[in-house]
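Please open the model in your viewer and keep the sequence panel beside it. We will go from the whole chain to single side chains, one selection at a time.

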Amino acid sequence: MGKGILEVFIQYWPVFLQGALGTLKFAAIAVLGGTVVGTLISILHLSKNRLLSGFAGVYVNVLRGTPLLVQMYISYFFIPMVLPALNSIDKIYYVLFALTLNSSAYVSEVIRGGINAVDKGQTEAARSLGMSAKNCMIRIILPQAIKNILPALANEYIAMIKETSLAGTFMCYELMYTRTLLANKYLVWQPLFIIAAIYLVMTLTLSWLVKVLEKRMSVSD
């Protein structure tokens, strides 16, 4: 059976640590970028302009309705093919681009739900006082919606941590890619159990922190 799991972890823990940090970094970039893009998409979705809201609906349905791995392949191979000028860019950015767009589709729905949860009477009251729709959204709606949005965004980050495991397919140094590195040392099954344990620790820890955040935010209600 070869080396034991603990023995492999003790010998190669720096490899697993670097992979875990890569996973956390990729997930953070994807969710932060996804939040920016998702906010814009959610605003378009809420627009009274049918063309804009229709575009946002198609955007969300396509990205949520197709596998992330397929989106990664399209980004990784198709974009450099149609835009040769981008060939000099590190291929890792194509993977991050796909992760960001995928996250934005889910985040946009989170933001849209948070905005819709705010009492519409407040919007009507603000507009009746002469406040523009833009100022109403920025000063009245979004600050209240953030309470509903933050815990859901944290959960999206947890979900994205697991999704980034697909980035290893494209030789990006994240947690799942460590298995490929250690396979060259004839370690086949041990890294899988170690990787699973690290993912479990990360997701359970972050889930606990999300619950703490939700409790603290509910106290101020």
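**Before you start**

This is a predicted model, in which local features need pLDDT of at least 70, side-chain atom pairs count only at pLDDT 80 or more, and totals for chains, interfaces and linings use all residues. Residues are numbered from 1 along each chain as its sequence is written, and side-chain values use heavy atoms, with hydrogens and water left out.

**Stop 1: the whole chain**

The protein chain has 8 helices and 0 strands; helices (H or I, at least four residues) and strands (E, at least two) are DSSP runs, numbered from the N terminus. Along the principal axes, the C-alpha atoms fill a box of roughly 75 × 50 × 25 Å.

Now colour by accessibility. Of the 221 residues, 36% count as buried, where buried means under 20% relative accessible area, exposed over 50%, and partly exposed in between (1.4 Å probe, protein chains only). The accessible surface comes to about 12800 Å², of which 68% belongs to carbon and sulfur atoms; such areas come from the Shrake-Rupley method with a 1.4 Å probe, and for residues only the protein chains shown count as cover.

**Stop 2: helix H2**

Select residues 50-65, which form helix H2. The end C-alpha atoms of H2 are 21 Å apart, which agrees with the 22 Å that its 16 residues should span at 1.5 Å a residue; the expected span is 1.5 Å times one less than the number of residues.

Which residues of H2 are buried? Pick Ser 53, Ala 56, Gly 57, Tyr 59, Val 60 and Leu 63. They cover an arc of only 160 degrees around the axis, so they sit on the same side of H2; the arc is that of the directions from the helix axis to the C-beta atoms. These buried residues pack against H1, helix H3 (68-82) and H4.

**Stop 3: along helix H1**

Next, select residues 5-46, helix H1, and zoom in on Thr 23, which lies in this helix. Thr 23 is buried, at a relative accessible area of 0%. Leaving aside residues up to four places away in sequence, Thr 23 touches Ile 161, Thr 164, Glu 174, Leu 175, Tyr 199 and Met 202, a contact being heavy atoms within 4.5 Å.

For a view of the surface, show Leu 6, Phe 9, Ile 10, Trp 13, Leu 17 and Leu 21, which make a nonpolar patch of about 630 Å². Patches are made of residues with over 30% relative accessible area and no salt bridge: like charges are joined within 9 Å, nonpolar side chains (Val, Leu, Ile, Met, Phe, Trp, Tyr) within 5 Å.

**Stop 4: the salt bridges**

A salt bridge is a side-chain nitrogen of Lys or Arg within 4 Å of a carboxyl oxygen of Asp or Glu, and the whole structure holds 2.

Between Arg 64 and Glu 109, the closest N and O atoms are 3.9 Å apart. Arg 64 lies in H2 and Glu 109 in helix H4 (residues 92-116), so this pair ties together parts that are 45 residues apart in sequence. The other partner of Glu 109 is Arg 112, at 2.9 Å from N to O; these two are 3 residues apart in H4, or about one helical turn. Arg 64 is partly exposed at 40% relative accessible area, Glu 109 is partly exposed at 22%, and Arg 112 is also partly exposed at 22%.
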